[in-house]
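Work through the exercises below with the sequence and the coordinates open. Each task is followed by a stepwise solution.

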Amino acid sequence: MSITPDRSILAACARHAHQRPEAPCFRRPKTATRDAGSVTTFGEIYQRALQFVGFLGDAAYDPGARVVLLHHNSWQWLPLLAACAARGLTLVPLNPDLHRDELAQTLRHADPRLILGDLPDEKLPAYSRAAHILTLSSLVGALPRGEEGHEPSADPNVPALIIYTSGTTGDSKAVMLPERSVLFAAASISRFYKFRSTDCLYSVLPYHHMNAVMASGLIPFAAGAQVLIGDAIGFTNAKVYWQSVADEGATIVSVIPSIMATLLRLDPGGTKADTERLRFALCGAAPLPATLWREFEDVFRVPVYQGYGL
């Protein structure tokens, strides 16, 4: 099977924007605690990417400079990633809920030239080497309209993305990912699992983690599918998880083993919600025990495709 991914993430943004500008790319469920019911179209994703490209070009950062994004789940990470890759910069998404000391240590290691985040001053540690520390909301509010033009020519050897691991076996490690690598992986997996432009993927996972960047981000994006960004899973929304899947018309869900175990504890006999539209679940981030895998599929009547370690 021949796989021909887009030449860049920015080119993928342009392709979707030109083909289906008004189609939803990201949505927030009506029950979300922030931006409930909001919709972001493919046209808006591309426009924001162009705005970020212009801003980063005007800032004139050196090739390979790192841009840290500290933000709770938001669609802004995708156009920012596209713009960083186009300008030869590296996006470093970090967990805004890290302890202040751990965050300071990670920032020292990442050595960014720009930090974007909406965090209180007491949470964001002093970091004197960063050229700019900006709130994402203030930057977005000041961005001029993006203009289409010749896509900047970036060094393909510069990583587009650095993801810090959760440190399961020791200290957190920085994983460097080239743009071509994530594009090919996204296109390959999207085609293998037959993602469709009519699909709606429901995710409650954080975009500072690689699982969400791929399974709830670049993989459905490659197919032009929409992603429903739910709140991080907790006891309250876990109790209505399947009802949310049904109400929002999700056809795919993205889960991890701990979420699967939680849903089984809450509904050991299965759900009464109408999940007939659901085609499959993607699982990653951790090993999936065979017993949990079989029980989840049997109880909730949905196939689970495991991608951990791929």
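A salt bridge is a side-chain nitrogen of Lys or Arg within 4 Å of a carboxyl oxygen of Asp or Glu. The model is predicted, so local features need pLDDT of at least 70 and side-chain atom pairs count only at pLDDT 80 or more, while totals for chains, interfaces and linings use all residues. Residues are numbered from 1 along each chain as its sequence is written, and side-chain values use heavy atoms, with hydrogens and water left out.

**Exercise 1.** Find how many salt bridges a search of the whole structure gives, and locate the partner of Glu248.

Step 1. The search returns 5 salt bridges.
Step 2. Glu248 pairs with Arg27, with 2.9 Å between the closest N and O atoms.
Step 3. This pair joins distant parts of the chain, 221 residues apart: Glu248 lies in the loop between helix 9 (241–247) and strand 11 (252–255), and Arg27 in strand 1 (residues 24–27). Helices (H or I, at least four residues) and strands (E, at least two) are DSSP runs, numbered from the N terminus.
Step 4. Buried means under 20% relative accessible area, exposed over 50%, and partly exposed in between (1.4 Å probe, protein chains only). Glu248 is buried at 12%, and Arg27 is buried at 15%.

**Exercise 2.** Describe the salt bridge of Arg279 and Asp199, then the surroundings of Thr251.

Step 1. The N to O distance between the side chains of Arg279 and Asp199 is 2.7 Å.
Step 2. Arg279 sits in the loop between helix 10 (257–266) and strand 12 (280–283), and Asp199 in the loop between helix 6 (179–192) and strand 9 (200–203); they are 80 residues apart.
Step 3. Arg279 is partly exposed at 23% relative accessibility, while Asp199 is buried at 2%.
Step 4. Thr251, in the loop between helix 9 and strand 11, is buried at 6% relative accessibility.
Step 5. Contact means heavy atoms within 4.5 Å. Leaving aside neighbours within four places in sequence, Thr251 is in contact with residues including Asp199 and Arg279.
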